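Here is a short briefing to read alongside the model. Have the sequence and the coordinates open, and let's walk through them together.

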Amino acid sequence: WSVKNSEALYNFEGWGAPYFLLGEECDGRVVVRPAGVCEAEIDQVEVDLYAAATAVRERLGSSGPLLFRFPDIACSQSAKLHSAFQSAALTWGLNSLHRGVLPVKCCHDASLLLSLVLAGAREGFGLEAGSKAELILSSDYSLPTPFLICNGYKDGDYVGLAVQSAALRVNTFIVIEKPSDLQYYITAVGDLPRSAHRPFLGIRVRLTTGHSGHWGPTSGDNAKFGLCAKEMIWLVASLADESMLDCLRLLHFHVGSQVSNIATFKEAMRESTQMYAELVRLGAPMGFVDVGGGLGVEYHGSQGWGGQRSTNYDMQNYANDVVAALQDTIMRTGIKPPVLVTESGRAIVSAADVLIFEVVSTEPRGAMPSFDDDSFLLQNFQSILGSMTIINQSGQQNISKIQESLNDAIQFRQEADRLFKLGIMSLEGRAEAEELFSSIRSLALDFARTIPDTNIFPTEVSLFAVEPLTWCHANLSVFRSLPDAWAIRQLFPVAPLHRLSEEPSIIVSIADLTCDSDGRIDQFIGSSGSNANAGGSLLPLHPLRVNETYLVAAFLVGAYQDSLGSRGHNLFGSPPVANLFLSGSPFHCIAQARRKTRGADV
Ligand SMILES: Cc1ncc(COP(=O)(O)O)c(C=O)c1O
């Protein structure tokens, strides 16, 4: 077994490039390249995640989960998106600028937000707020002139805050999401002198284009926000009546998060740019098209084959298609090229966070019992086990025989349950029946894994394959640290941080330490290469060793997880967060840690 095997098993290349890779030389450990580029001197900075986590845990005196945050990764993603749009504009001969903004709801961390706006200052990188509190946070971190997009539910206070932000010379856009928002804008801005720095007005439009991902049902005609055609016409007329049509500068739409099919963006761009051209025709000065978020993340590592967890496009394809659709409308309608604004959140910050946790114990299931009960039922079980062992050892790949034995075992297991309920079988007898059955099941699963060139298990095997052969208990709360894994079955790549030059020999599902049965991670991505499999409920790990801390990580967790998780569940508190920055010359990485909440804080 070599690091290469582990690389394929956990599919690092598929979801991790260019930030996460396996180190050959340092005992098969996962390393991070926060700069994510191959420029000679920068690309030498590699952080050994196991070593860094061990040091930070020791320093903090914490054995709980730890969140590593790499603001440089977010900056690198944001720079890549910007250059993808620049290169698309060159390709299509479009004289249009790109401005990125980060929806701060994805990650509220001050260091990350500051790093992004400072690194993106020259390109005018900005922020998007979705609530009053987020607007206060964003105003604090916005630099003069770059962008601040104000989305979400509006009231007088919200609009008042946006007016203050504009007075600080931040390019502030108040986006009208529903007709009643307009009155707040007219009241707050109508009386300001024309020479004042006033917030611009944006309009969120309701597209009929929906998408088929998890958030599909909230898009299209069903969307909660956005003005329909009639309301758009009403808005333009109302602004003209108030002599404020000159304030209308931006058209915004958002088709939903994690769009897996590029066709959705093509369609949405066709519809929205046509609306933009119509607003120009109606007399609005406009100047900005804000295409919202939705740029997907390759959580599955299969480049389009993983359904909603995957994308059939990359950043450059996305930029190309957005720019091409805009260019098409410009050619058709003769409008001036607007600035393109993107609100990508997930795609910018996902890779920046790594959640590291310790496996504290494992509970094997299906250990071979010593049995001396000679009841008829147990003898039958034993004989099935015996015949399956022989089939397995002889390497005979006889699926139907295995299936037959497994069918018998299932039937005997049910029989044992019935006998126990009737009081005929003792507790010891039932215990042995359970253990024998587990052994049979695990033999069947072992056998199924040896079938070459297929990842399809016999039906009964796959039925039981969803039950873990070993529970591994991880010191974390899924509800606190990976809320989407629990709430919407979001898939995150999970892998050990070390011992990757050893073959992982136990197959587990991960149970957290909370008292709820659904506090578990039991969905994993598949492997790559010739033994590719589609993933499933089991993850290969290494058996624990005495006196060794076994650390595992969930990757790509930077979007929404920390900001959604609450400290409430089981009073577990918030895990410590360590920000690791590239710093100095020659570059090295420094960590700043936010301590976890203590029992007393909770
Ligand atoms: C209006 C708006 N913009 C941007 C985003 C960010 O989306 P994503 O993280 O998928 O890029 C969202 C999130 O759903 C949103 O509601």
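In which sense do strand β5 and strand β12 pair, and over how many bridges? Strand β5 (residues 98-103) and strand β12 (residues 339-342) pair in the parallel sense, over three bridges. Strands here are DSSP runs of E with at least two residues, helices are runs of H or I with at least four residues, and both are numbered from the N terminus. Two strands count as paired if DSSP finds at least two bridges between them.

This is a predicted model, so local features need pLDDT of at least 70 and side-chain atom pairs count only at pLDDT 80 or more, while totals for chains, interfaces and linings use all residues. Residues are numbered from 1 along each chain as its sequence is written, and side-chain values use heavy atoms, with hydrogens and water left out.

**The chain as a whole**
- The chain holds 19 helices and 21 strands.
- Of its 602 residues, 54% are buried, meaning under 20% relative accessible area, with exposed over 50% and partly exposed in between (1.4 Å probe, protein chains only).
- Among contacts with a separation of 6 or more, 75% join residues 24 or more positions apart; contact means heavy atoms within 4.5 Å.
- The accessible surface comes to about 25,800 Å², and 53% of that belongs to carbon and sulfur atoms (Shrake-Rupley method, 1.4 Å probe; for residues, only the protein chains shown count as cover).

**The barrel**
- Eight strands form a closed barrel in the order β5-β6-β7-β8-β9-β10-β11-β12, with parallel pairing.
- From one strand to the next, the twist averages 25°.
- Gly100 has Thr342 in β12 as its bridge partner.
- Helix α7 (residues 156-167) lies across β6 (126-129), β7 (147-150) and β8 (171-176), and runs at about 155° to β8. Axes are lines fitted to C-alpha atoms, for helices over the stretch in contact, and angles run from 0 to 180 degrees between N-to-C directions.

**Around Phe125**
- Phe125 sits in the loop between α5 (110-119) and β6, and is buried because its relative accessible area is 6%.
- Beyond its neighbours within four places in sequence, Phe125 contacts residues including Gly100, Val101, Leu116 and Pro146.
- Phe125 and Val101 are 24 residues apart in sequence, yet 5.6 Å apart C-alpha to C-alpha.

**Around Leu513**
- Leu513 belongs to the loop between β16 (506-511) and β17 (520-521).
- With a relative accessible area of 36%, Leu513 is partly exposed.
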